Amino acid sequence: MKYDFDSIRDRRGSDSAKWKKYGEDVLPLWVADMDFVSAEPILRALRQRVDHAFFGYTVPLGELCDTILNRLKGLYQWAVREDEVFYLPGLVTGLNFAVQAFTAPGEGVLVQPPVYHHFVKDPVHHGRVLVDPPLAENGDRYEVDFEGFEKAITPQTKIFILCNPHNPVGRVFTRVELEKMAEVCLRHRVVICSDEIHCDLVFPEYQHIPIASLGPEVARWTITLMAPSKTYNLAGLRCGFAVIQNPELAKGWRKATLGLNPGLNIMGQVAALAGYREGKEWLDQVIAYLHQNRDYLYQTVPEKLPSVRMTRMEATYLAWLDFRRAGIPGNPSQFFLKEARVALNDGGEFGRGGEGFARLNFACPREMLNEALERMSGAMKKLF
Ligand SMILES: Cc1ncc(COP(=O)(O)O)c(C=O)c1O
C-alpha cells in the first residue's frame, strides 16, 4: 500500500514527549521520533493482541528471535545464535547495563562527541570517567581522528560506546573506519558497546555494517545494541535487544543485570515481530520520504538560513546544523525556541564540539518542515 507521510496528524493531547514539552504554539523538531503513523501490519498485530484481552506475564516470542537472527544473517551475513540475544526494554538501558557490567567506578568510558547525550552524561552520573576524543570536522562531514582516538585511551579505559550510524553527525562508518576502531580497541583490551539503533534508516548510497560482523575476534569483544524502535517508530513500546557472542561477556552482563532487566513487554514484542516481518513496504517508503526531506534541507537551509551549515547526512532524520558563523546571540536552540517557536535540541548537550550547533528532527510532513524553516528564517532576518 502507499503510505501518506504528507498529512499532518495532531499529536497534541496524546502524551507524546515531543509534543507535550513546549507550548501549543511551538513546532517540536527535537526528540527522535517520527510524526508519521505506524505501518499497517504493526497496527493490525497490536489490535489483534488487544482483542485477545490477556496481558499477564509473558515469555519472549520464539518467532521474534528467529526473525531477528534471519535478518542479521540476510542483511549483514552475520551469524548469531538464539542464546546470544538478550532482550531489553530500551537501548539507553542497554548502554547503562554495559557500563555497569564492564567498568568499575573511576574507570574510563570512551565516546566520540558530539554524540547522543546519554553517552556523555550517564557514565559520569554513575561515577565513571568520560574519555571523549572528539570526531574531526572535515568540511561538511565528520571523521574519526584515529590519532586522537588512540591517544585518549589509558589503561583505565575499559569500554568504548560506539554510535553507528552516528547521532547527531549522521555518519555511517565505513568498513575501513570500523576495522581501525576495532583494531585499536582490541589492542588496548577495550570492550566495544556498539549502539546501532539507527541502522535501518540508512540512505541508499550507504551501507550499515555491524562492527561485530567484521569477524569473530571483534565479535568476542563486542556488545551490539539494536531495536525496531527508530526503524518503525515504536519508541514508546519499549523493545530492544543486545547481541553478546562472548560467553564471558554474557556472564558479566547477566550478573550485572540480574533483577534489573524487565525485558520485553507484550505489545512491544508483537509490534517488533510485525515490523520486522511485514514492515518493509512502510520502511522503504519512510526512507524515501526522509531522503527527500534531507535533500529539501540541503537546498533550503542555505537559502533561508544564511551562514548556517548543514552536515552531510548518511543516515537517520536528525540534521546537525552549525550556527557558529550565523551571528546568533547566545545559544541557537534557545534563540529559535524564543524567537521562532521552534524546538530543536541544543548542540551543547551532545558533549565536546556541540556548542554553537543544534539538532533538527526532520521526520515530519514536509509542510511542517517548511513552516519551521520559515519561522527560523524570519527570526534570523529580525537580527540583521
Ligand atoms: C544512539 C541512540 N541510542 C539510544 C536511543 C534511545 O533508545 P531507547 O529509547 O531504546 O532507550 C536513541 C534515541 O534517540 C539514540 O539516538
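**Aromatic rings and their contacts**

Modeller: Arg294 lies over the face of Phe203, 4.8 Å from the ring centre (a charge sits over a ring if NZ of Lys or CZ of Arg is within 6 Å of the ring centre and within 35 degrees of the ring normal). This is a predicted model, in which local features need pLDDT of at least 70 and side-chain atom pairs count only at pLDDT 80 or more, while totals for chains, interfaces and linings use all residues. Residues are numbered from 1 along each chain as its sequence is written, and side-chain values use heavy atoms, with hydrogens and water left out.

The ring of Tyr289 likewise has a charged end over it, that of Arg366, at 4.5 Å from the ring centre. Tyr289 also belongs to one aromatic cluster with Tyr3, Phe5, Phe36, Tyr232, Tyr276 and Trp282.

In total, the structure holds 16 aromatic pairs (ring centres of Phe, Tyr or Trp, the last by its six-membered ring, within 6.5 Å; planes under 30 degrees apart are stacked, over 60 edge-to-face, the rest tilted). One of them joins Phe36 and Tyr289 edge-to-face, 5.5 Å centre to centre with 85° between the planes. This pair links distant parts of the chain, 253 residues apart: Phe36 is in the loop between β1 (27-28) and α2 (40-52), and Tyr289 is in helix α11 (residues 280-304) (helices, H or I of at least four residues, and strands, E of at least two, are DSSP runs numbered from the N terminus). Phe36 and Tyr289 are both buried (under 20% relative accessible area, with exposed over 50% and partly exposed in between; 1.4 Å probe, protein chains only).

Phe335 and Phe336 form another edge-to-face pair, at 5.0 Å centre to centre and 75° between the planes. Phe335 counts as buried because its relative accessibility is 10%, and Phe336 because its value is 0%.
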